[in-house]
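Welcome, and thanks for taking a look at this one. Below is a short briefing to read alongside the sequence and the coordinates.

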Amino acid sequence: MIFRGFWDKLDWPVVALSPMDGVTDAAFRYIVCKYSKPAFTMTEFTNVEGLSRGAVQMLVAFLYDESERPVIAQLYGVEVGSYYKATLMMCALGFDGVDINMGCPANKVAKKGSGAGLIRTPELAREIIRSCKKASKDWSNGMTLEEAEVPEGMIKRIAEMNVERAIGRDPIAISVKTRVGYDEKIGAEWTKIILEEEPANISMHGRTLKQMYMGQADWEEIAKCAEVCKGSGVTLIGNGDVMSMDDARGKIKDYGVDGILVGRAVFGNPWFFGEGEPTVEDRKRVALDHCRRFAEADYAPFHNIRKHLAWYCKGFEGCRELRMKLMQTHGIEDVEKLLG
Ligand SMILES: Cc1cc2nc3c(=O)[nH]c(=O)nc-3n(C[C@H](O)[C@H](O)[C@H](O)COP(=O)(O)O)c2cc1C
């Protein structure tokens, strides 16, 4: 029996927010869930080796709000033992699931064998899935972070992050997000390999590592992966270049996927998962709301929010000038003056 946890409770087919490093931080995910509701959310990917060695500052990626549930923590790396410890930490932080990144094409990630690099080492990829599943099971059987030798500083910080949360002992679901190949499209073959380890879900981006983010996502290739998963009990979510909810619904129908992950189309568009178009006033109001949330949480330097502010400024008269002014702001007070 495949353990699917929250995945079994979703209203399929699903449309959800794709994880994006430097974009889908806690403030942005909160704002997206406030103005339209994706089926689930996922954190930015975070390195398991750093987490298992005690890099306390990395835990900032795992701040989340209850309104985001189901919320998944995304991990990347190569060390099987580090995945074990990191998954236990995610259980202890109350996440609904852990997703293993097997799709990142960035040199600093894939060249070390992690992210999309794992497509070239299927045995290691399988071992990693097993390790995460074991951690989740061990957690439900009472394993503690101390017993797993998680560094003391991490245990302390996790306890601080949990003050307002009752954390249970239920196992959490393990999923994989990947691409259709490394340099060639081998979607069906690669999907079969992952399926052997029975993750709860596979999210498939229709580009190879070599393509990075260029060219078009190949939805015919994604459809082949979905076909492989049919009847297995593992869901397959397609990803790549989806521009609207109508587009998402059409692709679900045309390519036989169980759902869609949407990334870049949600830039400056937290209304994406709902109906209707935002007005200019909505754009300004929500940009300010987003900025306030980010500033209050105070977990990252102010300049991180500027790109978001710029993304809200499109499609109205004077948006270019406003965007330029927002790019020169240094704190919430400056933004209040422009948008308040
Ligand atoms: C800025 C940026 C950061 C990303 N970071 C991640 C990440 O942390 N984890 C991940 O699995 N994918 C990451 N991706 C890939 C996206 O989740 C998604 O697979 C890709 O953008 C294709 O979907 P889209 O065409 O809807 O944007 C990132 C993409 C972008 C543009």
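Let's start with serine 52, which is buried because its relative accessible area is 8%, under the 20% cut-off. Serine 52 sits in helix H2, which covers residues 48-52, and its side chain makes a polar contact of 3.0 Å with the side chain of serine 82. Please keep in mind that this is a predicted model.

**The ligand and its surroundings**

- Which residues come nearest to the ligand? Of the 16 residues around the ligand, these are Pro19, Asp21, Gln74, Asn239 and Asp241.
- Sorted by class, the shell around the ligand holds five nonpolar, seven polar and four charged residues.
- Serine 18 places a polar side-chain atom 2.8 Å from an oxygen atom of the ligand.
- Lysine 177 has a side-chain N or O atom that is 2.8 Å from an oxygen atom of the ligand.
- Aspartate 241 takes part through its backbone, with an N or O atom 2.7 Å from a ligand oxygen atom.
- How much of the ligand's accessible area does the protein cover? The ligand has 610 Å² of accessible area on its own, and the protein covers 87% of that.
- The space that the ligand takes up is the largest pocket.

**Two of the residues nearest the ligand**

- Proline 19, one of the residues that come nearest to the ligand, is found in the loop between S1 and helix H1 (26-35).
- Is proline 19 buried or exposed? Proline 19 counts as buried, because its relative accessibility of 13% is under 20%.
- From proline 19 to glycine 168 there are 149 residues in sequence, and their C-alpha atoms are 25 Å apart in space.
- Glutamine 74, also among the residues nearest the ligand, has its place in strand S4.
- With a relative accessibility of 2%, glutamine 74 is under the 20% cut-off and therefore counts as buried.
- The side chain of glutamine 74 also makes a polar contact of 3.1 Å with the side chain of aspartate 99.

**Cis peptide bonds**

- As background, most peptide bonds are trans.
- Tryptophan 12 and proline 13 are joined by a cis peptide bond, with omega at about -10°.
- Proline 13 belongs to the segment before strand S1 (14-17).
- A cis peptide bond also joins arginine 69 and proline 70, where omega is about -10°.
- Proline 70 is found in the loop between H2 and strand S4 (71-76).

**Positive phi values**

- As background again, most residues other than glycine have a negative phi.
- Glutamate 198 is a residue other than glycine with a positive phi, near 50°.
- Where does glutamate 198 lie? Glutamate 198 is in the loop between helix H7 (187-195) and strand S7 (201-208).
- Glutamate 198 has a relative accessible area of 35%, which lies between 20% and 50%, so this residue is partly exposed.
- Methionine 212 is not a glycine either, yet its phi is positive, at about 50°.
- The loop between S7 and helix H8 (219-229) is where methionine 212 lies.

**Pairs separated along the chain**

- Glycine 115 lies in the loop between helix H4 (107-110) and H5.
- Why does glycine 115 count as buried? Its relative accessibility is 0%, and buried means under 20%.
- Glycine 115 and threonine 178 are 63 residues apart in sequence, and their C-alpha atoms are 7.9 Å apart in space.
- Lysine 134 is found in helix H5, which covers residues 122-140.
- Lysine 134 is partly exposed, because a relative accessible area of 47% lies between 20% and 50%.
- How far apart are the C-alpha atoms of lysine 134 and threonine 208? They are separated by 29 Å, and the two residues are 74 residues apart along the chain.

Definitions and conventions. Residues numbered from 1 in each chain as written. Predicted model: local features only at pLDDT ≥ 70, side-chain atom pairs only at ≥ 80, totals over all residues. Heavy atoms only, no water. Near = heavy atom within 4 Å. Polar contact = N/O pair within 3.5 Å; in protein donor to acceptor, adjacent residues only side chain to side chain. Areas by Shrake-Rupley, 256 points an atom, 1.4 Å probe, with all protein chains shown as cover. 1 Å grid on protein atoms, 1.4 Å probe; cavity = no way out; pocket = protein on both sides within 12 Å on 5 of 7 lines; lining within 4 Å. Sits in = over half its atoms within 2 Å of the grid points. Nonpolar A, V, L, I, M, F, W, Y, C, P; charged D, E, K, R; others polar. Helix = DSSP H or I, 4+ residues; strand = E, 2+ residues; numbered from the N terminus. Buried < 20%, exposed > 50% of the residue type's maximum accessible area, 1.4 Å probe, protein only.
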